[in-house]
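Hi,

Here is the model I promised to hand over. Have a look at it first, and then read on for what turned up.

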Amino acid sequence: MLLIVVSVCTATGAWNWLIDPETQKVSFFTSLWNHPFFTISCITLIGLFFAGIHKRVVAPSIIAARCRTVLAEYNMSCDDVSIFIRKL
């Protein structure tokens, strides 16, 4: 949930940053200084990725896929909430 909120904030800030006519006239760092919402949300998003939040989002689907592979050998399956289903 946190990743979604920060991503939306970064996208919104980037949109406002790009449509600002002053962005073309000033230097890059001055432009970032003029748009603190984008700068802070972008730094937060990069920090979250360095902290490994993307692994926490992807990990449950990887575990479920590996369980399905192992259970397929025993003619069984499981869904995303780990309910086992026996195939007949």
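The end C-alpha atoms of residues 37-53 lie 21 Å apart, and this span is 94% helix and 0% strand.

Two notes on how to read the numbers. This is a predicted model, in which local features need pLDDT of at least 70 and side-chain atom pairs count only at pLDDT 80 or more, while totals for chains, interfaces and linings use all residues. Residues are numbered from 1 along each chain as its sequence is written, and side-chain values use heavy atoms, with hydrogens and water left out.

Now the overall picture. The protein has four helices and two strands, and along the sequence they follow the pattern α-α-α-α-β-β. Of its 88 residues, 22% count as buried, where buried means under 20% relative accessible area, exposed over 50%, and partly exposed in between (1.4 Å probe, protein chains only). Among contacts with a separation of 6 or more, 37% join residues 24 or more positions apart; contact means heavy atoms within 4.5 Å.

H1 passes H3 in a left-handed crossing, a term for a near helix turned anticlockwise from the far one by less than a right angle (clockwise would be right-handed). The residues making the contact include Val6, Thr10, Gly13 and Trp17 of H1 and Phe38, Ser41, Leu45 and Phe49 of H3. By class, the contact has twelve nonpolar, five polar and no charged residues, with Ala, Val, Leu, Ile, Met, Phe, Trp, Tyr, Cys and Pro counted as nonpolar, Asp, Glu, Lys and Arg as charged, and the others, Gly among them, as polar.

Leaving aside neighbours within four places in sequence, Thr10 is in contact with Phe38, Ser41, Cys42 and Leu45. Asn16 is also in helix H1, but counts as partly exposed because its relative accessibility is 39%. Its C-alpha atom is separated by 9.5 Å from that of Phe37, 21 residues apart along the chain.

Next, the loop between helix H1 (2-19) and helix H2 (28-34), where Thr23 lies. Thr23 counts as buried because its relative accessibility is 19%. A polar atom of the Thr23 side chain lies 2.8 Å from the backbone oxygen of Trp17. Not counting residues up to four places away in sequence, Thr23 touches Trp17, Ser31 and His35.

Finally, Ile53 is found in helix H4 (residues 53-72). Ile53 counts as buried because its relative accessibility is 16%. Ile53 and Leu3 are 50 residues apart in sequence and 7.5 Å apart in space, C-alpha to C-alpha.

Terms used:
A polar contact is a pair of N or O atoms within 3.5 Å; within protein, one must be able to donate a hydrogen and the other to accept it, and residues adjacent in sequence count only if both atoms are side-chain atoms.
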